[in-house]
Structures are given as C-alpha cells and as structure tokens.
Amino acid sequence: MNEKLKKLALKLEDLIEYYDVPQQVYDELLELVAKQPDYFKMIGPENIIKLTFLIYSHKKTGNFELGDKMLNESMFLFMIYSEGNNHREGCIDCGGEGQIDCQECDGTGEVPCDECDGSGEVTCDTCNGSGVDPENEDESCWDCNGAGNRTCPQCHGSTDETCPECHGRRLEICPTCDDTGQIETDAWDYSVATILSWDQELISSSIENENTLLPAMSYADFNYNDEKFIFIQTYDEDFMEFKKGFEANEIYCFGHDDSPTTFLKNNLISVDIPWKNLRDYE
Ligand SMILES: [Zn+2]
Ligand SMILES: [Zn+2]
Ligand SMILES: [Zn+2]
Ligand SMILES: [Zn+2]
C-alpha cells in the first residue's frame, strides 16, 4: 500500500467523526470532497476509496492491516433491483397537466344559449311572433313593439351562456389520468447501485449468479450501513423495461470489476457501469 496515502489517511482521520462501518467514513470523506473539491480532484476518486479503508482501519484498530486486507479482497459489484413499483409516465393526452380543454365548450368556457339556440332572441309569446297585438289587430304587439321577437331572457341577448360542464373554467379533468398528469405502466421502476464489497461470501454469490435471474442477495440485507459493503453510487431515476423474470425486492448482480474506471463528478464518485450487460439480460 502506497505510503503517501497512509500519511494522508493519518492527516485526514481526525476530520472523520463516525466510523462504525466503512460507509460512514466514505460518506464523510465525500463531505470533505464537497468542501475542497480541487484538493480531492488531485487525490483522485480511486485514492478516495482507498482512503476510506485506511482511515476506517486506523480508527478501528490503530493500524492499516485491516484496511489493506479489505482493499486487497474488495470487488466492485453492479446490482439491479426493484421495489415492484410500477413505472409512471407523463400523461400524453393532457401533457402531464392533469386537465384538458373542456370537450363541451372546446375550451372557450361558453356554449350557445340553449333557450334561443344562440340567436339572442326568442319568439314573443304574447303575439306568437306575429308582432300584432292579439287583442287589437291594428296595433303592434305591446310586448315586443311589433318585432315578434324579444331579447332572450336566459342569455340576455348575449347568445352564449357559461358552459354548464366546466362552469366557465375552460378545463376539465383529464379522463385518461384522472387529474394526476401521470399514467401507470405495467413495467417496474428499477434502481441500479454500484457497491464495493470485501465480503467473500457476498462477492462469490454475486459472481456465481451474475446475469442470471438468481438473486445475489435479498433486499432486506441490502442495508446502507451494512458491514459487508459500501454504496459507491446509486441510480434511482433510471427506468429500464425488462423482460419479466426479476422478482421484486431481490438484488441481482449484473457485473463485477476489481478495478473499474472511476470518476469524480459533482463531488461524487461514479464508476463505469457495464450497462451493456443489462441490455443483454435474458
Ligand atoms: Zn310580441
Ligand atoms: Zn339565449
Ligand atoms: Zn366547458
Ligand atoms: Zn392526463
């Protein structure tokens, strides 16, 4: 093990408060990275991972033997799993808004008055539209002044009335997604995680079952503060439509690498993920 790195571990270890499990040391180191990104960029992501083990080891045991051993036996494992939640997508019919133009009024908020059919006038019922006073044929109708029509009492001559469906709001709830703006698909949401393990049992069960439908471990054992591995990175946003076969709440291994390419991006360590293996999954 690099002597320079051990000296650096001794220098940094006082800044690390929690060290029950290596994950805590790793997380605290990343906090330091966020505070001094330029400094840690020079140290490099690979060495930050190594420092995790060295600091953990020295804090726990007072020397670097444990850390050296863990590092020598460690393996990056690429895991995929799902909690069985159906993937949701934005509703196409309403553009994710949850509401669409009111179908009754085409989004105008108004419909033609049904009393006067949109003409704004109704036949005068005193003269039945003749314009003649029914009691005196020589006189024009007193009610409509001889016009035979009167202003429509419902729309007051405006020819339109407020749409009874949307009450003038111009919108109605999207029937496709029922106001949520999203629709649930049959496929699941999956998460991908890169872990670094030094536990030989976990490593061998992962590699044995790699790229099969046999899980490497159960979700219940996939704890953030586990003593068998560190979460290096997780991807929750990635939706992958898989052929059926995965069980919910089981952890499947789709690759392993003892020295993958690592990057320091946005103050987080990321590892080259073998996405190809996922695409080829049977
Ligand atoms: Zn009249
Ligand atoms: Zn009317
Ligand atoms: Zn309407
Ligand atoms: Zn919708």
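Helix α4 passes helix α5 in a right-handed crossing; a crossing is right-handed if the near helix is turned clockwise from the far one by less than a right angle, and left-handed if anticlockwise. The model is predicted: local features need pLDDT of at least 70, side-chain atom pairs count only at pLDDT 80 or more, and totals for chains, interfaces and linings use all residues. Residues are numbered from 1 along each chain as its sequence is written, while chains are lettered from A and ligands numbered from 1 in the order in which they are written.

The axes of α4 (residues 45-61) and α5 (residues 65-72) come within 7 Å and cross at roughly 145 degrees. Axes are lines fitted to C-alpha atoms, for helices over the stretch in contact, with angles from 0 to 180 degrees between N-to-C directions. Helices (H or I, at least four residues) and strands (E, at least two) are DSSP runs, numbered from the N terminus. From α4, Lys 50, Phe 53, Leu 54, Tyr 56, Ser 57, Lys 60 and Thr 61 meet Glu 65, Leu 66, Gly 67, Met 70 and Leu 71 of α5. Contact requires C-beta atoms, placed from the backbone, to lie within 7 Å. Six of the contact residues are nonpolar, three polar and three charged.

An open sheet has five strands in the order β11-β13-β1-β10-β12, paired antiparallel. Two strands pair if DSSP finds at least two bridges between them. β11 and β12 stand at the edges, each with a single partner strand, so one side of each lacks a neighbour in the sheet. β1 pairs with β10 over seven bridges; Met 79 has Ala 193 of β10 as its bridge partner. Five bridges join β1 to β13, where Leu 77 is partnered by His 256.

Seven of the seven residues of β1 are buried (20 or more other C-beta atoms within 10 Å of the residue's own; exposed means 12 or fewer, partly exposed in between; C-beta atoms are placed from the backbone). Met 75, Leu 77, Met 79 and Tyr 81 point one way from β1. Phe 76, Phe 78 and Ile 80 point the other way.

Helix α6 (residues 200-208) buries Leu 202, Ile 203 and Ser 206. These residues lie on the same side of α6, because they cover an arc of only 100 degrees around the axis. The face turned away from the buried side carries exposed Gln 200, Glu 201, Ser 204 and Glu 208. The buried residues of α6 pack against β1 (75-81), β10 (191-197), β11 (217-218), β12 (229-235) and β13 (250-257).

Methods
Two residues are in contact if their C-beta atoms, placed from the backbone, lie within 7 Å. Ala, Val, Leu, Ile, Met, Phe, Trp, Tyr, Cys and Pro count as nonpolar, Asp, Glu, Lys and Arg as charged, and the others, Gly among them, as polar. The arc is that of the directions from the helix axis to the C-beta atoms.
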